[in-house]
Every structure is written in structure tokens, then in C-alpha cells.
Amino acid sequence: MNEDDRTGDAPWAAVVLSGFGRVGQAYARCLADAHADGARLRLAAVRTSTAQWLPPRDADWTSPPRPLPDPLPGIAETLARTRATVLVQAVPSTPEAREPATAEAVTALRAGVHVVTAAKAHLLGGWRELAAAARSGGALVRLSAATGAALPAGDLARSGVRGLGCRSVRACPNGTSTFVLDRLAEGGTLAGALAEARRLGIAEGDPSADLSGQDAATKVVLLAALLWGWDASAVRCRTEPVGEDTASAARAAAERGRRLRAVASAAADAPHEVRVRLEATPPGDPMHALTGPEKAVTYVCPEAGDITVSGGRSSPLGAALALLKDTLDVVERRHYGFR
């Protein structure tokens, strides 16, 4: 390590960023801000499917890497060359990205490099493989950005409610569906609600996973896996979609002082099963209180009392901030005092 990469008592942590779309670019900017504020992190490499960039310290975070004239170096070579501490995955949660994301995460974990990810597809399909790789390399996996962006739901599931006897989870973890349902309740159309959600940066270009309930189900699958040790790849999901015919139900709920919500749930007593249903939630229900693209998760703890976390920005910046939070968590772990 170069002398200028180490000051004081603690080393700088090298971060390799995989993916440079909207979330990846937002993460790079957040990392640069954290660096300026004294965080001991440096972006050592940026990778896409066709390019790799070893950015200088004064890099322009709005310019993606250019395609390479030669084959893209393997992830193992990049991790070794940069002496990486963390691999951050800001890649799409698509079927096409699943195998490459799994392969690079497994390679990193086996090499003792922590993995922080916003992608979901490879977590669902490769949960056991990733866990085994993490054990073999003594590395950590953090997935806050995959379970609710800036909402710290994953932290609560992993450690915050541990020992409190949580028996079930009830959640509205998809901001797009909540936003759309509220617009439908006000008399809007599905197409109009989606157009507004895209304009505000809430909805993806393809909102099918949001409206089908699959995104909400996936997030609760991951939370349940953290809570109860389920194998995420073995969980069955049943979902009720938001569609054109949902508008009348949303308006009917509003007329009764209720709000229609796409509520995802899982219970320890019904292992490996997650359901997403459209519920007319009454006042006083944490899911009823949500506005716009807000999200909420309630951990039902019969003895300790229900614990709800809500809010959180549903946007590329929210996901990037969650990635940064997890990055800081894995590189600044302490074993003394209050840290």
C-alpha cells in the first residue's frame, strides 16, 4: 500500500464498484463526499460489463468508463490489483445479470473481500452459495439497498430485533406501488400515475416487478431469510398485482377512510412462504400512514411489542446512500466501547 493511502492508525479501504448506472454514479458521488468528510474510503476501480476504470482522485463521477479494446480483466485480477476491501454491486436485478453478479460476489467473498449489494436476483438464487463463500473467506455480505433502499429494514432484520422474539413481518417495501395506489384513489389512471412516478424518479422504466408485487415479495423474502435463517431460494411467493381494475378498489377504500396498500407478509410459523395482498388499511395502521413513495416494515414481536420502521427515500440516491451505509459498516467495524 502506498504511503499516501495510510494516515494515522487506520488504513484506507479500497472499494471496487461494479455497475455505473444511476445508482452506481450516485454511489460514486456519495463516496467522494464521504471521503471529503473524512471517511477512510477510496474508489479504487469502477467496472461495467465491457469496461474497467481505475479513477484518479479528482475523477469526474458523471463519466462512465469507455469500452476496453482488450478483454475485461477478471474480477479476481481487479480485486487483487486494487487490494480491495469491499466489492459494491450496483448492477440491475435482472435475470441476465444474475449469474455474473453471483460469480463476482462469490469470487470476492472467497478472497475475503466484503460484498455490499443493491441487486436482488442473485441473492434469491444463490443465497446458500453466497453464505458458504462468505464463511470460507471470512467476509461479510450486506444488502440494505436490496431490502428497502434508505430504509434500514435489513439492519433490523439482521440484528436490531434479534432476541426480541419476532414472529412475523408485515411490510409495504415498494414505494412505486404505494405511490400508484394513492394516485388511483384520487381518481387518476394507472398510466398517468406511472408517468408521474417515472418523472419523479420513483418508478423504473419497467415497473412490472413493482406492480406485480414481485419486488415487495422479494424484499420480504430477504428480510425473512435474515430473521429466521430461511434459504431465500426456497421461498414460495404468492402475489396480488396492481392493475387497471385496481382503481375502483382504491377509490372504494378511500371513501371508507382507508388506503389500499400492497402488503407483503411472512411468518415464522409458515416457513418459506411470502404473500403480497392488496389490503384496505385503516387509520392507525403503519401502512395506512405512508404517503407518496414512502415504505414501512413492521416486525411483530408478541412479547417485546411491534417495531416499525418507515420512510426512506425511494430513488437512486436512496439506494446509493444505503450502499454507502453498508460500506461504512463493513470497513469501520469496531470491537470495543460503543462502536
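Which residues of H12 are buried? Select Pro 316, Gly 318, Ala 319, Ala 320, Ala 322, Leu 323, Leu 324, Asp 326, Thr 327 and Val 330, which are the buried ones in H12. Buried means under 20% relative accessible area, exposed over 50%, and partly exposed in between, with a 1.4 Å probe and protein chains only.

The model is predicted, so local features need pLDDT of at least 70 and side-chain atom pairs count only at pLDDT 80 or more, while totals for chains, interfaces and linings use all residues. Residues are numbered from 1 along each chain as its sequence is written, and side-chain values use heavy atoms, with hydrogens and water left out.

**Stop 1: helix H12**

Select residues 316-331, the 16 residues of H12. Helices (H or I, at least four residues) and strands (E, at least two) are DSSP runs, numbered from the N terminus. From first C-alpha to last, H12 reaches 23 Å, close to the 22 Å expected at 1.5 Å a residue. The expected span is 1.5 Å times one less than the number of residues.

**Stop 2: Ala 319**

Stay in H12 and pick Ala 319. Ala 319 counts as buried because its relative accessibility is 10%. Show its contacts (heavy atoms within 4.5 Å). Leaving out residues up to four places away in sequence, Ala 319 touches Val 23, Ala 145 and Ala 149. Then pick Leu 151: it is 168 residues from Ala 319 in sequence, and 9.1 Å from it in space, C-alpha to C-alpha.

**Stop 3: helix H2**

Select residues 75-82, where Ile 75, Thr 78, Leu 79 and Thr 82 are buried. These residues lie on the same side of H2 because they cover an arc of only 95° around the axis. The arc is that of the directions from the helix axis to the C-beta atoms. On the face turned away from the buried side, find the exposed residues Ala 80 and Arg 81. What covers the buried residues includes strands E3 (13-18), E4 (41-47), E5 (52-53) and E6 (86-89), and helix H3 (95-110). Next select Arg 83, which follows H2 and has a positive phi, near 55°.

**Stop 4: the largest cavity**

Select Asn 174, Ser 177, Asp 210, Leu 211, Ser 212, Gly 213, Ala 216, Glu 240, Pro 241, Val 242 and Ala 262, which line the largest cavity. A cavity is a set of points on a 1 Å grid over the protein atoms alone where a 1.4 Å probe fits but cannot get out, and lining residues have an atom within 4 Å of a point. About 30 Å³ of space lies in this cavity. Helix H9 (residues 208-212) gives the largest share of the lining, three residues.

Notes. On a 1 Å grid over the protein atoms alone, a cavity is a set of points where a 1.4 Å probe fits but cannot get out, and a pocket is an open set with protein on both sides within 12 Å along at least five of seven lines; lining residues have an atom within 4 Å of a point. Grid points are joined across faces, edges and corners, and a volume is the space filled by probe spheres set on the points.
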